[in-house]
Amino acid sequence: MHWLILHSLKAVASVMTSDRHCFECYGYDIIIDENFKPWLIEVNASPSLSATTTNDRILKFHLINDTLNVVAPGGQLPDPRAPPQTLTPGMLGGYDLLYNEELAIQNGVCEREWTRRGKSRYGHGHEPVRPSHVQWK
């Protein structure tokens, strides 16, 4: 599922607004087949945050809380004149860092490297083939 999310975002990166003064939350609808293969159904740019059940309310509370903790770490609004802050794992709340773009650019990793190493970018059992010199989380 991580690779579905990562590659869907990379596919539309050129038309997404890249402004460090704003953020968006996307809702992914993914179905998993009988072989445990994930299939992307759709991506919602404005997912509903209304809750219909207790579990739904708890899930969405944590989503909003973790999102705001990433946007404003420690409850402090960042200074827009300050350089971008590097996020530590503790600042990510319940989120996982799927791809460190700055580190990938630093190390010269590009999309060609994914397919150059084998038959496909997916190894056996659909595990991604990852360059060893990039830090993945």
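A contact here means heavy atoms within 4.5 Å. The model is predicted, so to speak of local features requires pLDDT of at least 70, side-chain atom pairs count only at pLDDT 80 or more, and totals for chains, interfaces and linings use all residues. Residues are numbered from 1 along each chain as its sequence is written, and side-chain values use heavy atoms, with hydrogens and water left out.

**Overall fold**
- The protein chain contains four helices and two strands, where helices (H or I, at least four residues) and strands (E, at least two) are DSSP runs numbered from the N terminus.
- Along the sequence, these elements follow the pattern α-β-β-α-α-α.
- Among contacts with a separation of 6 or more in the protein chain, 40% are between residues 24 or more positions apart.

**Surface and burial**
- The protein chain has 137 residues, of which 17% count as buried, that is, under 20% relative accessible area with a 1.4 Å probe, protein chains only.

**Thr67**
- Thr67 lies in helix H2, which spans residues 54-71.
- Thr67 counts as buried because its relative accessibility is 12%.
- Leaving aside residues up to four places away in sequence, Thr67 touches Phe23 and Tyr95.
- The side chains of Thr67 and Tyr95 are joined by a polar contact of 2.5 Å; such a contact is a pair of N or O atoms within 3.5 Å, and within protein one must be able to donate a hydrogen and the other to accept it, while residues adjacent in sequence count only if both atoms are side-chain atoms.

Technical notes
Buried < 20%, exposed > 50% of the residue type's maximum accessible area, 1.4 Å probe, protein only.
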